[in-house]
Amino acid sequence: MLQTKKWPLKYMFKFIVPNSNDRVNAVVATLPSGGQTSFKPSKDIHYVSVTHVNYMRSADEIIAAIERATAIEGVISL
């Protein structure tokens, strides 16, 4: 049975970002305001995992946020 979600819903964004302050800050600036953001460096400290959890109003809003973040060089969306 197909289940539909009711909006707004809680969504978790996760990005892998090269570890430089300008790129990490640029990704954070593209994320929706509010919510919780956490950071975890990789073992070799070359990358940072950026996780952001927030309530989103639509799938279009989610896609737009992902497109903004992945437009930054070297950013990978998970």
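Arg 23 is partly exposed, at a relative accessible area of 25%. Here buried means under 20% relative accessible area, exposed over 50%, and partly exposed in between (1.4 Å probe, protein chains only). The model is predicted, so local features need pLDDT of at least 70 and side-chain atom pairs count only at pLDDT 80 or more, while totals for chains, interfaces and linings use all residues. Residues are numbered from 1 along each chain as its sequence is written, and side-chain values use heavy atoms, with hydrogens and water left out.

Arg 23 has a charged partner. Its side chain meets that of Glu 73 in a salt bridge, at 3.9 Å from N to O. A salt bridge is a side-chain nitrogen of Lys or Arg within 4 Å of a carboxyl oxygen of Asp or Glu. This pair links distant parts of the chain, 50 residues apart. Arg 23 sits in helix H1 (residues 21-30), and Glu 73 in the loop between helix H2 (59-70) and strand S4 (76-77). Glu 73 is exposed, at 61% relative accessibility.

The structure holds two salt bridges. Another joins Glu 61 to Arg 57, with the closest N and O atoms 2.6 Å apart. Glu 61 is partly exposed at 24% relative accessibility. Arg 57 is exposed, with a relative accessible area of 61%.

Now the overall layout. The protein chain has two helices and four strands. Helices (H or I, at least four residues) and strands (E, at least two) are DSSP runs, numbered from the N terminus. In that direction the order is β-α-β-β-α-β. The C-alpha trace spans about 45 × 20 × 20 Å along its principal axes. Of the 78 residues in the protein chain, 27% are buried. A contact means heavy atoms within 4.5 Å. Among contacts between residues at least 6 apart in sequence, 65% join residues at least 24 apart.

Turn to the strands. Two strands pair if DSSP finds at least two bridges between them. S1 and S3 run antiparallel and are joined by ten bridges. Along this pairing, Leu 9 stands opposite Met 56 in S3, and Lys 10 has Tyr 55 in S3 as its bridge partner. S1 also pairs with S4, again antiparallel, over two bridges. There Ile 16 stands opposite Ile 76 in S4.

S3 has another antiparallel neighbor: six bridges join S2 to S3. Thr 37 stands opposite His 52 in S3. S2 and S3 form a hairpin with five residues between them. Ile 45, in the turn, has a positive phi of about 65°. S3 is mostly covered, with seven of its ten residues buried.

Leaving aside residues up to four places away in sequence, Thr 51 touches Met 12, Phe 13, Lys 14, Gln 36, Thr 37 and Ser 38.

Back to H1. Its buried residues are Val 24, Val 27 and Thr 30. They lie on the same side of H1, because they cover an arc of only 125° around the axis. That arc is taken from the directions from the helix axis to the C-beta atoms. The face turned away from the buried side carries the exposed residues Asn 21, Asp 22 and Ala 29. What covers the buried residues of H1 includes strand S1 (9-18), strand S2 (36-41), strand S3 (47-56) and H2.

The largest nonpolar core has 14 residues. Such a core is a set of buried Ala, Val, Leu, Ile, Met, Phe, Trp, Tyr and Cys residues joined through side-chain atoms within 4.5 Å. The residues with the most contacts inside it are Phe 13, Phe 15, Val 17, Val 27, Val 50 and Val 75. S1, H1, S3 and H2 each supply at least two residues of this core. Val 27 touches Phe 15, Val 17, Val 50, Ala 69, Ile 72 and Val 75, not counting residues up to four places away in sequence.
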